[in-house]
Amino acid sequence: MKYRVLIEIDEDGVFVAECPSLPGCVSQGRTRAEAGENIKDAIKGYIQSLEKHGEPVPPPIYESYIEVV
């Protein structure tokens, strides 16, 4: 599954990653790559928790592109 992830640098120089489709699913890392790996683990755990509690899992993203001429 694919989920949109936003990665920003905070005021302390730490990379903070969040998944807007999964409220409260946030992680961080010293590098962009580390934050990316950490948010993957956070997303997996978040989805496992939803499934365990019988709650709906938000659908993955499907992006489409429209050609404008």
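Helices of at least four residues and strands of at least two are taken as DSSP runs, numbered from the N terminus. In these terms Ser 21 belongs to the loop between strand 2 and strand 3. The model described here is a predicted one.

**Overall architecture**

The chain contains 1 helix and 3 strands, and these elements follow one another along the sequence in the pattern β-β-β-α. The radius of gyration of the chain is 14 Å, well over the 11 Å that the globule rule gives for 69 residues, so the chain is more spread out than a compact globule. The C-alpha trace spans about 45 × 35 × 15 Å along its principal axes.

Burial and surface can be stated for the whole chain. Of its 69 residues, 22% count as buried. The accessible surface comes to about 5400 Å², and carbon and sulfur atoms account for 53% of it. Among contacts with a separation of 6 or more, 26% join residues 24 or more positions apart. As to charge, the chain carries 7 positive and 12 negative side chains, and the centres of these two sets are 7 Å apart.

**The nonpolar core**

The largest nonpolar core has 10 residues in all: Tyr 3, Phe 15, Ala 17, Cys 19, Leu 22, Cys 25, Ala 35, Ile 39, Ile 43 and Ile 47. Strand 2 (15-18) and helix 1 (32-52) each supply at least two residues of this core, and the largest share, 4 residues, comes from helix 1. In soluble globular proteins, nonpolar side chains tend to be buried together.

One of the core residues is Cys 25. Apart from residues up to four places away in sequence, Cys 25 touches Ala 17, Glu 18, Cys 19, Ile 39, Ala 42, Ile 43 and Tyr 46.

**Individual positions**

Ser 27 is found in strand 3 (residues 26-29). Its relative accessible area is 16%; because buried means under 20%, Ser 27 is classed as buried. Beyond residues up to four places away in sequence, Ser 27 touches Phe 15, Val 16, Ala 17, Asn 38, Ile 39 and Ala 42.

Ser 21, in the loop between strand 2 and strand 3, counts as partly exposed at 28% relative accessibility. Once neighbours within four places in sequence are set aside, Ser 21 is in contact with Tyr 3 and Pro 58. Tyr 3 is itself among the residues of the largest nonpolar core.

Two further positions lie in helix 1. Gly 45 is placed in this helix and is partly exposed, with a relative accessible area of 33%. Lys 52 is also located in helix 1; with a relative accessible area of 71%, Lys 52 is exposed.

Selected C-alpha separations for these positions are set out below.

| Residue pair | Apart in sequence | C-alpha to C-alpha |
|---|---|---|
| Gly 45 and Gly 24 | 21 residues | 12 Å |
| Ser 21 and Arg 32 | 11 residues | 20 Å |
| Lys 52 and Ala 17 | 35 residues | 24 Å |

How values were computed: Residues are numbered from 1 along each chain as its sequence is written. This is a predicted model: local features need pLDDT of at least 70, side-chain atom pairs count only at pLDDT 80 or more; totals for chains, interfaces and linings use all residues. Side-chain values use heavy atoms; hydrogens and water are left out. The radius of gyration is taken over C-alpha atoms; the globule rule is 2.2 Å times the number of residues to the power 0.38. Buried means under 20% relative accessible area, exposed over 50%, partly exposed in between (1.4 Å probe, protein chains only). Contact means heavy atoms within 4.5 Å. Accessible areas come from the Shrake-Rupley method with a 1.4 Å probe; for residues, only the protein chains shown count as cover. Lys and Arg count as positive and Asp and Glu as negative; His and the chain ends are not counted. The place of a charge is taken as NZ of Lys, CZ of Arg, CG of Asp or CD of Glu. A nonpolar core is a set of buried Ala, Val, Leu, Ile, Met, Phe, Trp, Tyr and Cys residues joined through side-chain atoms within 4.5 Å.
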